[in-house]
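Dear colleague,

Here is the structure I promised to pass on to you. Please open it beside this message, and go through the notes that follow with the residues in view.

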Amino acid sequence: MASDTELWRGTDYGWWLAADTSGAVGASLIAFAVPLMMLATTGSSAAATTTESICVVVQAVLGLAGGVIQDRYDRRTLMLIWGASGVVLSAVAAAAVMLFGNAPKTSGHGVNGANAPAFGGPYAHVLPIALLCIVVLFSVRDGLLENTSNAMLRGVVPDEQLPHAMALNDARDSTVTLAGGPLGGLLMTVGHAVPFLTSAVLSVLGVVSAWRIRRYWKRATVDDSGHSGNADDAADDAIDVSGAITAAPRWRDALDGMIWLLHDRFQRHLIIAATMVTGASNAFLLLTALDISQGGSQLISAGFINAASAVGMLLGALMASQLVNRVPGGVLVGVMFALLAAGFTGAALVPSMVGKAIFVACSVLALPAGNAVLGGLSNILVGKDKLGRVGAGSMVLQYGAYGVAVALAGWGMQTIGYGPTCLILATVLVAAAAYALTMRSLITLPTPDRWAEHIQRWGIAQF
């Protein structure tokens, strides 16, 4: 396809994708390994989910400052810093596991009393504290810099090719998720430090790939394709509640994106539904992985449910780029929310793990197309120089919801059990779908060629 040729050869999207993918795979390995290692060293599902919750909250709060940083400074340089810091932190984590967690053995403690792998050695009790400190540092890094690649994408890919690029990214994300869980489990069976060592190597690859990016939007400059960057200093502007641009104190800069998301009725309703989906669905997947992890032989199987969701995402991504331009966006987004609610409800009710996997896979089939629609619409509504702050605002709200959900779900799993807790999470997804489907301005969204008319008709705010 000509569009594919132009995307891969006419831009630096390939180098961007390589850098972003390296980071995504490394993050996936760490995200899989840490909760299971916390479960193994403490014997408590609540401790594992609380660690995850703390990290998510740290990342979300610092994401506000990260949004300003990503809008003020060169995004390629920030990607290089993000990758280099990943090398250091992953190496430190691997060293901590080798130093404090040698000689794995079997413990009688685990999820709901099941056996789980534990760690021997005279300093094994130090490992949970060391892991917590290290993953909090990862969260600090991610809060400040992780969204840089997403903000940078629009400056690498022409606007008209963004939905296609996002569909490719969804396929990539699905592949990463598909491989990440089983790969993480396999690496942990080789050695508990191996996932961290692998993440360090991937971070090196990410640095090299980011360094090769040359053609991208640069603030207050002319980029390599000849298009002028926006020389206006967006850090000196802010959106007030009336929608007018006014001078604002520096602390307000960090809140600009969140204020815009919460002020406009369309964005406010959409972000509320999105936070409910993000929190409940990801907590469901994490609890399922913890429930499966009952011993060293189960580490690979613990990634099974995530792999099932990745299969569904991958199938959906293969169709997404074609559907976006042919099917009204509101239909695609509406189907996305409805399938998420129905699929996770089925997964909560079905007792067998195979049945859960099938329902989860079906639930995310429309997610790539829905994401491409919403990402393309955001491309019209948000200026290039404000993408960092809008992304940060969205991250704070969605990660905050996930942090709360996973903390409560962990305690729920320990008190009322896995099944009832997952049923409650599924109910949240049903409520989110019902809320989203009542938005007429969303479900009537047409195909992209008529978005400008739709935006004007419904008075959707632009930033």
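In this predicted model, a polar atom of the side chain of Thr421 lies 3.3 Å from the backbone oxygen of Gly412. Thr421 belongs to helix H17, which covers residues 418–437, and because its relative accessible area is 5%, below the 20% cut-off, Thr421 counts as buried. If neighbours within four places in sequence are set aside, the residues in contact with Thr421 are Leu287, Ala409, Gly412, Met413 and Ile416.

The next topic is aromatic rings, and a search of the whole structure finds two aromatic pairs. One of them is formed by Tyr13 and Trp16, which are stacked, with 5.8 Å from centre to centre and 20° between the planes. Both residues lie in helix H2 (residues 13–42), where they are three residues apart, or about one turn of the helix. Tyr13 is buried, at a relative accessible area of 0%, and Trp16 is buried as well, with 0% relative accessibility.

How are the rings of Phe284 and Phe344 arranged? Their centres are 5.2 Å apart and their planes stand at 80°, so the pair is edge-to-face. This pair links distant parts of the chain, since Phe284 sits in helix H11 (residues 265–292) and Phe344 in helix H13 (residues 329–349), 60 residues apart. Phe284 is buried at 0% relative accessibility, and Phe344 is buried at 2%.

Finally, please look at Arg214, which lies over the face of Trp211, at 5.0 Å from the ring centre.

Technical notes. Residues numbered from 1 in each chain as written. Predicted model: local features only at pLDDT ≥ 70, side-chain atom pairs only at ≥ 80, totals over all residues. Heavy atoms only, no water. Helix = DSSP H or I, 4+ residues; strand = E, 2+ residues; numbered from the N terminus. Buried < 20%, exposed > 50% of the residue type's maximum accessible area, 1.4 Å probe, protein only. Polar contact = N/O pair within 3.5 Å; in protein donor to acceptor, adjacent residues only side chain to side chain. Contact = heavy atoms within 4.5 Å. Phe/Tyr/Trp six-rings, centres within 6.5 Å; stacked < 30°, edge-to-face > 60°. Lys NZ or Arg CZ within 6 Å of the ring centre and 35° of its normal.
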